[in-house]
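Dear colleague,

Please find below the structure that I am handing over to you. My notes on it follow directly after.

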Amino acid sequence: MIGITKLLCGSENFGDSLRYTHGAKDEKYGVSRGKGPVVVWNCTNTCNLSCKHCYADSKHCQFEEELDTKAAKALIDDLASFKVPVLLISGGEPLLRKDIFELLKYTRENNIRSTVSTNGTLIDKEVAKDLKQNGVSYVGISLDGIGIRNDAFRGVHGSFDKAATGIRNCLDIGQKVGLRFTINRSNYDQLEDVFYFIKEEGIPRVCFYHLAYSGRASQMIEEDITHEEKRLAMDLIMKKAIEFGKKVEILTVDNHADAAYLYLKVKENHPEIADRVSKLLHMNGGNRSGMAFANIDFKGNVHPDQFTQHHTFGNIREKKFSEIWKNPTSSLALELRDRKPLLTGRCSLCKWLSICNGNLRVRAEAVTGDFWASDPACYLTNEEIGGLPF
């Protein structure tokens with residue numbers, strides 16, 4: 001994640017303390033010294049929607065391999081002992097788990113900050129209260145368009161209205177909530193509308209995801225927007241971040257070309273903050289999948305991130321997550337912690353490697369078959385990647 005508001009406006013939010021801290025970029029298996037990685041746990045693969053870009057390929061059915069309550073609590077115990085700072089509970093649709101509030105309560109009791117990633121359609125007033133009462137720090141609700149555009153993308157009529165109601169139910173009781181929006185060909189022209197929705201509804205946070213070519217989205221490569229459109233999208237996002245100021249936290253996710261592009265724009269238009277932005281980007285170091293970020297799927301398999309579930313480091317039914325992470329036997333796990341020498345193509349030559357760290361590997365693999373090839377979603381020009389070193 002790249003904290004656009006943090007970088008441009010100097011805001012302070014919890015995630016910033018994990019992303020922009022001294023020594024973070026050099027940490028091999030955590031966000032910083034003494035802390036484990038941020039963990040995304042896909043607690044279920046069952047979902048009530050059919051989103052076109054679902055990286056988990058979730059379905060309208062039950063999965064027998066899902067971790068039961070006992071195994072889930074054992075996982076939480078291990079994460080607590082490993083000092084994991086945040087457990088992001090995702091799916092499928094996590095609110096379809098019958099024990100979800102029991103697990104959220106248990107997470108809070110173990111002093112782990114919990115966030116929930118949901119499609120929002122199941123958040124009635126009572127569910128919103130339950131989320132808050134069980135200590136959820138943040139609810140991220142996925143919308144991929146306004147109105148029927150979202151419904152078409154998510155495969156269920158009325159899903160936008162239900163998600164919007166879920167957002168309002170959270171806001172009404174003071175449960176922090178925000179949007180998760182994946183930019184693609186079907187919704188690129190609605191970015192202005194999304195910002196209008198954020199302003200009108202008083203939503204305090206939004207994460208703009210770049211399309212990751214994984215799961216069902218691996219069939220959507222042609223639905224990604226062009227490099228020029230990515231640049232225009234970033235121009236709008238940065239403009240809105242300055243307009244909203246610290247009132248709305250804006251982030252982009254899954255394309256660290258954003259970091260270099262933002263810095264270049266800052267140096268051109270706001271040189272007075274360029275040094276501060278440079279320092280923060282260097283603290284972060286770019287993509288840290290397999291280092292400061294981990295994924296555990298509904299079967300208990302451990303992965304570098306949620307988009308790379310076809311690469312597995314081990315299974316928590318056989319060995320604790322903390323042991324898998326601290327003492328990896330997977331060659332890929334070791335390579336990700338020292339990846340720069342393995343990168344090829346433009347990535348290997350790029351002047352921005354110290355703040356990007358090779359971007360999102362799953363896209364390179366999906367397009368070329370080579371995990372270490374250049375990320376095709378990098379929209380920097382050849383001139384930009386060869387100039388203006390920090």
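Contact here means heavy atoms within 4.5 Å. Helices (H or I, at least four residues) and strands (E, at least two) are DSSP runs, numbered from the N terminus. Axes are lines fitted to C-alpha atoms, for helices over the stretch in contact, and angles run from 0 to 180 degrees between N-to-C directions.

This is a predicted model, in which local features need pLDDT of at least 70 and side-chain atom pairs count only at pLDDT 80 or more, while totals for chains, interfaces and linings use all residues. Residues are numbered from 1 along each chain as its sequence is written, and side-chain values use heavy atoms, with hydrogens and water left out.

The sheet. An open sheet of mixed pairing is built from 11 strands, ordered β1-β8-β7-β6-β5-β4-β3-β2-β9-β10-β11; two strands pair if DSSP finds at least two bridges between them. At its edges are β1 (2-3) and β11 (314-315), each of which pairs on one side only. Helix α7 (residues 159-172) packs on this sheet, where it touches β5 and β6 (177-183), and its direction makes about 150° with that of β6. Helix α9 (residues 227-244) lies across β6, β7 (205-210) and β8 (249-253), and runs at about 160° to β8. Within the sheet, β4 (residues 113-118) and β5 (residues 136-142) pair in the parallel sense over five bridges; T115 has Y138 in β5 as its bridge partner.

Helix pairs. Helices α10 (residues 257-269) and α11 (residues 274-284) cross at roughly 165°, their axes coming within 9 Å. The pair is therefore roughly antiparallel, the class for angles over 145 degrees. From α10, the residues A259, L262, Y263, V266 and K267 make the contact, and from α11, A274, V277, S278 and L281. Helix α3 (residues 69-81) packs with α4 (residues 100-109) at an angle of about 20°, with the axes 10 Å apart. This makes α3 roughly parallel to α4, a class for angles under 35 degrees. Here T69, A72, K73, I76 and D77 of α3 meet E102, L103, Y106 and T107 of α4.

The loop residue E66. E66 is placed in the loop between β2 (38-42) and α3. Its side chain is joined to that of T44 by a polar contact of 2.7 Å (a pair of N or O atoms within 3.5 Å; within protein, one must be able to donate a hydrogen and the other to accept it, and residues adjacent in sequence count only if both atoms are side-chain atoms). Leaving aside neighbours within four places in sequence, E66 is in contact with residues including C43, N45, R97 and R317.

With kind regards

Methods
Angles under 35 degrees count as roughly parallel, over 145 as roughly antiparallel, 65 to 115 as roughly perpendicular and the rest as oblique.
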